[in-house]
Amino acid sequence: VDFIQAGDMHFPTNWSTGGISPDPRVNVHRIKRMKAREDDILICAFPKAGTHWTWEITHMLLNEKAEYAKKGKETAMLEFHIPDEFDDWPSPRVLNTHYELHNIPREMIDKKCKIIYIQRNPKDVAVSLYHFEKSFAGEDYVRSWDDFVHTFLHDVHTYNNYFTCALSWEHALKNNPDLNVLSLYYEDLKEDPIREITKIARFLNVSYTEEFIAEIAEKCSFKAMKAGDKEVRRHELQNWANYFPDENFTPEESIDRMSNTFFRKGDVGDWKNWFTVVQDEMFDAVYEEKMKDSKLKFRFNL
Ligand code: A3P
């Protein structure tokens, strides 16, 4: 199958993991060879397309409880862990990644593991990614929004260029109809969570009731999920503080900063608050050119 042989990752050479280990660029070779279980479930998304949201929903459906996962989404990200770290996870494991299809564990393809792929319109992804980077880097961040838009459009960004990723997924799905993939859009999930969560439940083949789906939709609304995530982080940070007491450490500040970094606004169409008319026209022109052979239909507003 052609996507497996496609090239490796295209991180910009100056990309920094901010000290996180292992480095996803190196780790990709281990992850590709990772052992998979038939009931593994993998959430795939370009950064900022709704990975966390889909992961939490999937978790609830499989656990038959509308309760947040006890550990943050980052603990389940393939690229930031060596495969052994997932060995003692109980089945079914719900993992997630921003790797493209040709970089996920080969065994997951061979064993026809369920893959949920979520996409989001590129203007909102750009705004979200810009704020994420900025918030993550803190005061050291010097890049302007205008510069960011140019890079996002023309260059390789974190993991890869947005358009290259979208097109490579589209190509792979079209040419490999046997792949066990459910394709979703962030905008659809926002528009009608009940409908989309039901789709996920059917794909996962779990039993559900209308009440349960409604409960998950409520728990996974932006506001509720942000509050839930804070609780998880508070718990994790408290453990950390117990191990490494530091009198200058202010857990609440740190929790707020992390929470606002991962849960910023959660809307469709926030890009209109950021794009100037010039940037928007430039974006549209590049979009049309890059996506001219694509059948993808992104919605930029609801
Ligand atoms: P914004 O920056 O536009 O708010 P990912 O998990 O792939 O990194 O995606 C992060 C984006 O999804 C952020 O977008 C985040 O706020 C949004 N998000 C997270 N949980 C959400 C939810 N429950 N409902 C809507 N959007 C959510």
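Trainee: In what order do the four strands form the open sheet?

Mentor: Please bear in mind that this is a predicted model. A sheet is read through the pairing of its strands, which exists where at least two bridges are found between two of them. Here the four strands of the open sheet follow the order 2-1-3-4, with parallel pairing. Strand 2 (94–97) and strand 4 (181–185) each have a single partner strand, so they stand at the edges and one side of each is left without a neighbour in the sheet. On average, neighbouring strands are turned by 20 degrees against each other, direction ignored.

Trainee: How many bridges join strand 3 to strand 4?

Mentor: Five bridges link strand 3 (residues 114–119) with strand 4, and the two run parallel. At one of the paired positions, Gln119 has Tyr185 of strand 4 as its bridge partner.

Trainee: Which strands does helix 3 lie across?

Mentor: Helix 3 (residues 51–63) lies across strand 1 (41–45), strand 2, strand 3 and strand 4, and runs at about 160 degrees to strand 1. Helix 9 (residues 193–204) lies across strand 3 and strand 4, at about 175 degrees to strand 4.

Trainee: Which residues come nearest to the ligand?

Mentor: The shell around the ligand holds 20 residues, of which Thr51, His52, Ser128, Arg264 and Gly266 come nearest. Two or more shell residues come from each of helix 3, helix 5 (122–137) and helix 11 (222–243).

Definitions and conventions
Residues are numbered from 1 along each chain as its sequence is written. This is a predicted model: local features need pLDDT of at least 70, side-chain atom pairs count only at pLDDT 80 or more; totals for chains, interfaces and linings use all residues. Axes are lines fitted to C-alpha atoms, for helices over the stretch in contact, and angles run from 0 to 180 degrees between N-to-C directions. Two residues are in contact if their C-beta atoms, placed from the backbone, lie within 7 Å. A residue is near a molecule or strand if its C-beta atom, placed from the backbone, lies within 6 Å of it.
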